[in-house]
Amino acid sequence: MTKDLAVHSVAKSFGGVTALAECSLEVRAGSITALIGPNGSGKTTLFNCVTGFYRPDQGEMRFGETVLTGLRPNQIVHLGIARTFQITRIFKNMTVLENMIVPVRQLGLRTLFTAGIKGHERERAEGLLEFFGIAFLRDEMAGRLSFGQQKLLELAAALMAEPTLLMLDEPAGGLNPVMIDRLTGYIRELNADGMTFLIIEHNMGFVMQLCEPVIVIHRGRVIARGTPAAVRANPAVLDAYLGD
Amino acid sequence: MRLERRLGQGWPLRRGWPWAGLVLLLLVPLVLPEGFYLDLLMFTFMYAAMSVGWDIMGGYAGYVSLGHVGFFGLGSYAAALLLVHLGLPVFITAPLVGLMASLLGAGLGFISLRTRGPAFVIVTLTFTYVAQLLMLDLKSVTGGSQGLFLPLLDLPANLVIVPFYYGMLALLVIAILVSIAIRRSKFGLGLIAIREDEGKAEASGVNTSLYKILAFAISVWFAGTAGALHAQYLNYVDPDLAFELIITLNLIIMSLFGSRGIVWGPVLGAFILYPLSAYLVFLVPSRVAGQVHLAALGIVLVLVVMFLPDGLIRSYQGWRTKRPKDARPLEARASIVETTG
């Protein structure tokens, strides 16, 4: 049921700045793939291209058989690709539960005007909040949650869209070690249930213990791909991180 | 937070007071058949209904429309023309005229709402002027600046206001019920998500363009329908009267004053501000009433923005939760749980 994500020679530049140059990579269904690289190497740009926020200048992106190029972000979510943002984005003036209901697939006039929070959707939302240990906050305004809780809420809400591929942009950023351990556990558990992950992360400890394969991009191109150990030993990667 | 949320979701319907209020208002024409008060209440209903409508777009989705009076004016003209040329009574055509306004709104939204940001504000303002100019220049159909006279209703002079009173009251009830339904629905959650963070809403799978267009279409239905009733009430319509920009400003100020994005906010705003402004017009010499009224509106707007930016309901609610039982910040309470997992 889960699908591979294939990015084929995607390029994107902003004015004269090339963010992605013929970037090709593949995320295999069922994997926890890491995307690493120095600051400004194009990781988030790639995320934005895949999720429809940017339209690439060239290249093709497929999810399974479906071509993603040219689709709008909301259409891509409904194909089964959900994402989180580098700077956590939640709806601060909505309750935690309302935050969870927004990503529920909403089609047709009939379902659109039925009550927002009810029935099995509510159960699913509460189940996920339970899973992430923030169910006790369900009626709080999301803006009042702590930073770590907001990150978990964003993750939980992304799951409400029933994705098969979850793209996380620096999920461990700013979290304390205890929270990072919890996060690792959640991702492993979801992955065991068949969820594919593509994760941008600067925390190398987190990447090395959780992800395989690791893809390294530098200046908009993939320069290495392999197991954490192999990537760490790759001279091109060291070069990219330590400067030319 | 709790009170605001309850008010926001129209919770008081489960309480008696909105229904008691409705019964009271239904009885007013029987006990108090004096034209002045009925006229005052009728216009209050009209503004409240349109303001609730405006708030569906401006409060829930956060997109400020400066074009509602354009739909009000076109509604007036459409109803007038249907009556003058086809003899169709306004009380039957008004909801259909509203639908026409909705279709037009959807069209306008299709042009201006597919992108984010201020394009919408500008397009709606421009729309008002274009609509006014059209009615002014299509002389053969609309009578140009001389306007159109509508046949009078066949009722005794002291009773003529009664159907308008109930018509506008019905419009207000519909507006409140629609607003409550939207606030409770997924559609409403999507609109509020758009207001909060449109990019994130899109990343969550909300079809933002469709939602905004639909919200705008619903929002202007009330302006179009009210315009139709208004034209018959005055038995007259002309381009100045029908497209007075001050009507849109009234809707916005009422919504801001009561609290934007809360079902009862615009209702409260209209029920306070319209009687006040009518009283003001009543007090000052009619020669300068228009100017004084405008100046007063300006002052109210400035005061609201400076001292009551969240509106009455939210401010009251904020003031109440400033002295709560548990004033500890949420983070302090939660962190214990967080670390113990």
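1. A quick term before we start: two strands count as paired if DSSP finds at least two bridges between them. Keep in mind too that this is a predicted model. By that rule, E6(A) and strand E7 (residues 165-169) of chain A are a pair, since three bridges link them, and they run in the parallel sense. If you want a spot to look at, A:Ala82 has A:Leu166 in E7(A) as its bridge partner.

2. Six strands of chain A make an open sheet, ordered E6-E7-E8-E3-E9-E10, and the pairing is mixed. Strand E6 (81-83) and strand E10 (221-226) of chain A are the edge strands, each pairing on one side only. From one strand to the next, the twist averages 20°.

3. Chain A has another open sheet, this one of four strands in the order E2-E1-E4-E5, with antiparallel pairing. Strand E2 (17-27) and strand E5 (66-67) of chain A each have a single partner strand, so one side of each is left without a neighbour in the sheet. At the E5 end, two bridges join E5(A) to strand E4 (residues 58-63) of chain A, and the two run antiparallel. There you'll find A:Arg62 standing opposite A:Val67 in E5(A).

4. Helix H1 (residues 43-50) of chain A is worth a look, as H1(A) turns up against strands of the four-strand sheet: it lies across strand E1 (5-14), E2 and E4 of chain A, at about 115° to E1(A). H1(A) also lies across strand E3 (32-36), E6, E7, strand E8 (196-200) and strand E9 (214-218) of chain A, where its run is at about 145° to E7(A).

5. Over to chain B, and its surface. A nonpolar patch of about 1,100 Å² is made by B:Val23, B:Leu27, B:Leu30, B:Val31, B:Leu32, B:Phe36, B:Tyr37, B:Tyr279, B:Phe282 and B:Leu283. Helix H2 (17-31), helix H3 (35-61) and helix H14 (264-283) of chain B each put in at least two residues. H2(B) gives the most, with four.

Note on methods. Residues numbered from 1 in each chain as written. Chains lettered and ligands numbered in written order. Predicted model: local features only at pLDDT ≥ 70, side-chain atom pairs only at ≥ 80, totals over all residues. Heavy atoms only, no water. Contact = heavy atoms within 4.5 Å. Axes fitted to C-alpha atoms, helices over the stretch in contact; angles between N-to-C directions. Patch = residues over 30% accessible without salt bridge, like charges linked within 9 Å, V, L, I, M, F, W, Y side chains within 5 Å. Areas by Shrake-Rupley, 256 points an atom, 1.4 Å probe, with all protein chains shown as cover. Salt bridge = Lys/Arg side-chain N within 4 Å of Asp/Glu carboxyl O.
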